[in-house]
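I opened the model today to go through its salt bridges. My notes follow in the order I looked things up.

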Amino acid sequence: MGIEEVKKAKEEDKKVFKRPTQKVAALLIALGPATSSEILKNIKDEDLLEQITLDIANLGKVSDEDLTSILSEFRTVFQAKNYITQGGVAYAKQLLAQAYGETEAASLLDKVNSMVNTNPFYFLNEADPSQLANTFSSENPQLLALILAYLRPALAAQVLAFLPPDIQAVVSLKIADMTPTNPEILTTIEDIVQKKFSALLVQDFSNAGGVESLANILNCCDRSTEKNIMEWLDIENQQMAQEVRDLMFVFEDIIILDDRGIQRLLRDVETKTLALALKGTKEEIKEKIFKNMSERARQMLADDMEYLGPVRAKEVQEAQTGIVNTIRTLEATGEITITRASVEDELIE
């Protein structure tokens, strides 16, 4: 192969993003299922959600170069947002113009004109807590305390939970004993942390897109988001929808668990949650659950289901999502096994 052919092949391999949603899809894949599902859950525009979903499913291998470029673009937008927060729009425009020129500065400000009042380390607020814990657990406890103090309380609590007990104690003490930090020092620290975290994302960016990535993300979504996306995929591309579904575990798939798996699951699920999750489900699913319970437990479950009466669909979906998450956790720890029948295993009458 000649030099020109090699160049041509490289150009063909290079991903061309024709739509902004394709860049979002690539970024979501790189961020991982847990974070991506939270982002998708908060996208209220159905058309936008559908397009991003389709782009995730259709996205093939994305080069490190393209993904680094995407990360840089998103980081630039957030940087502009940070400038606005520090000194207002005029201050942001001045700094951005110096770095990117008047035209690009105006474009960036258009993208972030509604993004104000962000806290330091805002770029970590949608990160996976276990990833944050692994990334910063070896850092100085004072730095970790500073970061956690500015994160959303719920996320900070999750990060703490992933830290070793001795580090938990030290960091907690430093958070409680923290005094106001000089804004200039805080900005410098934030920039260092952002670069460190961005570098970590780039290292993990070479993930293939496609139906497997979409299935992983949907597995972490709430039941309502998952249902909406799958219904849309069924209409848009039935074959793709089936491929995604084959890689997912939804509440109805509880029927494929063996009796031992059901019994293990029931030890971790409250009767009231189970009663709520079973409202309106197929009889075969209920029978599968009932036959793996003691007579007393069956009666308690039946009583709870009858006592509930009519319930909101959202409550049922939330209960089912919680049970599915429990199943996935048990599978991840090897306590239960999810076995899907392959084509070769199917019986033909």
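I started with lysine 291, which is exposed at a relative accessible area of 54%. The model is predicted. I looked up the partner: the side chain of lysine 291 forms a salt bridge with that of aspartate 259, 3.7 Å from N to O. I then placed both ends. Lysine 291 sits in the loop between helix H17 (283-290) and helix H18 (295-308), and aspartate 259 in helix H15 (residues 259-266), so the pair ties together parts 32 residues apart in sequence. I noted aspartate 259 as partly exposed, with 32% relative accessibility.

Next I went to glutamate 335. Its side chain meets that of arginine 264 in a salt bridge of 2.8 Å, N to O. This pair links distant parts of the chain, with glutamate 335 in the segment after helix H19 (313-332) and arginine 264 in helix H15, 71 residues apart. Glutamate 335 is partly exposed at 42% relative accessibility. Arginine 264 comes out at 13%, under the 20% limit, so I logged it as buried.

I then turned to helix H17. Glutamate 283 and lysine 286 both lie there, 3 residues apart, about one turn of the helix. Their side chains form a salt bridge at 3.6 Å, N to O. Lysine 286 is buried, at 14% relative accessibility.

I also looked for shared partners.

Last, I took the total. How many salt bridges does the count come to? I wrote down 6.

Note on methods:
Residues are numbered from 1 along each chain as its sequence is written. This is a predicted model: local features need pLDDT of at least 70, side-chain atom pairs count only at pLDDT 80 or more; totals for chains, interfaces and linings use all residues. Side-chain values use heavy atoms; hydrogens and water are left out. A salt bridge is a side-chain nitrogen of Lys or Arg within 4 Å of a carboxyl oxygen of Asp or Glu. Helices (H or I, at least four residues) and strands (E, at least two) are DSSP runs, numbered from the N terminus. Buried means under 20% relative accessible area, exposed over 50%, partly exposed in between (1.4 Å probe, protein chains only).
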